[in-house]
Amino acid sequence: MYILIACAVIVLCIAGVSLYGNLRGIPPSGRMPLSGQEFPEGFLWATGEDAYQHEGGNLNNDWARWESQEPSPIKNGDRCGRAADFYNRYREDFDRSLGDRLMGHRIGVEWSRLEPSRGRYDEKAWRHYEAMLRAMRKRNFTVFLNLWHFTLPLWAADSGGWEDPRLMERWEALVARCAERFGPLVDYWSTMIDSQIYALAGYALGELPPNQRDLARALEVYRILIHAHGRAYRIIKERAGAEARVGMIYFFFHYQAKSFFLDRLVKRQTEDIFNWKFLDALHAGRIDVNVLLGPSVREESGLYRGTLDWLGVNYYTREVLSFDPFTPGFVKRTVCDKYPATDMGWEIYPEGLYRVCREAARRYPGVPLVIAENGLADERDDRRPRFILEHLAWTHRLINEGVPIFGYTYWSLTDNWEWAQGFAPKFGLYRIDRKTMKRTETASARLLRWIAGHNRLPREEELAGILDYRSRR
Ligand code: BGC
């Protein structure tokens, strides 16, 4: 009898939770139905490449040096080397992108090519990037250009990196020259990508160059990068014109606290520092970061206030956080395993994109958002189609609710160098054979081409035909 009552209570609770989910319009599993959702006219379908992760042949920076150590700090002992050989194959890759009708496209510049030694520019490299940008214009792309992502020229790394005040002068000079030379060829300027990861993983966790473990220094670099963005913003406006659209591309986790009070406390702290405080500073002109029983930074300045004309959201997964007295910041990060994972073990949790964008729109009213990176490591390409569809269904819902999202970027066009994970993770819409560098299209590339071409999601019953599209071309 008691067992029967207990079962009935459990069934009622489950039904109640699902009903509550449905009443809020959120299916309890986080899954969104495919009903042919249409995107607004002019919605930007995009993809892209990074400088270091795709170009190949970059040997003059701190990452290349770090990778050459013995024992190797990189998974499988990989070296970036030729990467995706994008430096030489950019035209054919752009044509692939055009074939996909993905009309937004992002590339980045590699500082160590443009300025191989302090104060000396390499004109050949400047001309190369100019040619790349022209090739993008010729294909009618909406051009996103990123100026800095993780790597520093050796001369900069060796004299103290961002902690050396002289680097800011070189950064300003570099940005000014980029704005003058590339100005007419760029639609959206990103000053930097995932700068908080650089500061925290590079200076507090010691996971990336320069491999330091000092929370106070990490916060100082965090502060310096906020300044670097603010300065770059003003310089680009001055040199490329006031109408230049300047923003940045930024990584977000969707965070959840594991359970009890202390978990919620560290979740709040981590979410603040990782997701929001950097951007809050660019919005409101105030840095206010406090680490539990640790260092803090407080500062106010007009230099970086109001310096987001747009914001690029990178979203991949969620993390569960719990209190742990033995880890830096007292926080233990774990991957949630409720839903299927990518080849890197990252849980596929599309609803997190919705949560993160809602919060960004609430905090930064008037700042247009673009999904600047969304993708997964999936060598067999058997989870990628659903991944793309579900993230897009949530994106569609955001747009319907008035969140100003103007585009979606799949990351990335081809397989790339995945930093400390080397070449093992396969993110690309196109697989790369590492011996021949030959690109092979995936079913997901066909799916995204279809979606971009129709400017809508397929209906469930259309899906099989689209994924099999190649045989009918
Ligand atoms: C980084 C990329 C990286 C991706 C997946 C992004 O936020 O910008 O460099 O490939 O995360 O880890």
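1. A polar contact is taken here as a pair of N or O atoms within 3.5 Å; within protein, one must be able to donate a hydrogen and the other to accept it, and residues adjacent in sequence count only if both atoms are side-chain atoms. On the ligand, an oxygen atom lies 3.2 Å from a polar side-chain atom of Asn-314, while for Trp-411 such a distance to a ligand oxygen is 3.1 Å and for His-149 it is 3.5 Å. The protein covers 95% of the 310 Å² of accessible area that the ligand has on its own (Shrake-Rupley method, 1.4 Å probe; for residues, only the protein chains shown count as cover).

2. This is a predicted model, in which local features need pLDDT of at least 70 and side-chain atom pairs count only at pLDDT 80 or more, whereas totals for chains, interfaces and linings use all residues. Residues are numbered from 1 along each chain as its sequence is written, and side-chain values use heavy atoms, with hydrogens and water left out.

3. With a disulfide defined as a pair of cysteine sulfur atoms within 2.5 Å, the count comes to zero. Cys-336 is in no disulfide, since the nearest cysteine sulfur, that of Cys-357, is 19 Å away. Cys-336 is buried (under 20% relative accessible area, with exposed over 50% and partly exposed in between; 1.4 Å probe, protein chains only), because its relative accessible area is 15%, and Cys-357 counts as buried at 0%.

4. Phe-260, placed in the loop between strand E5 (245-257) and helix H11 (261-284), where helices (H or I, at least four residues) and strands (E, at least two) are DSSP runs numbered from the N terminus, counts as partly exposed because its relative accessibility is 45%.
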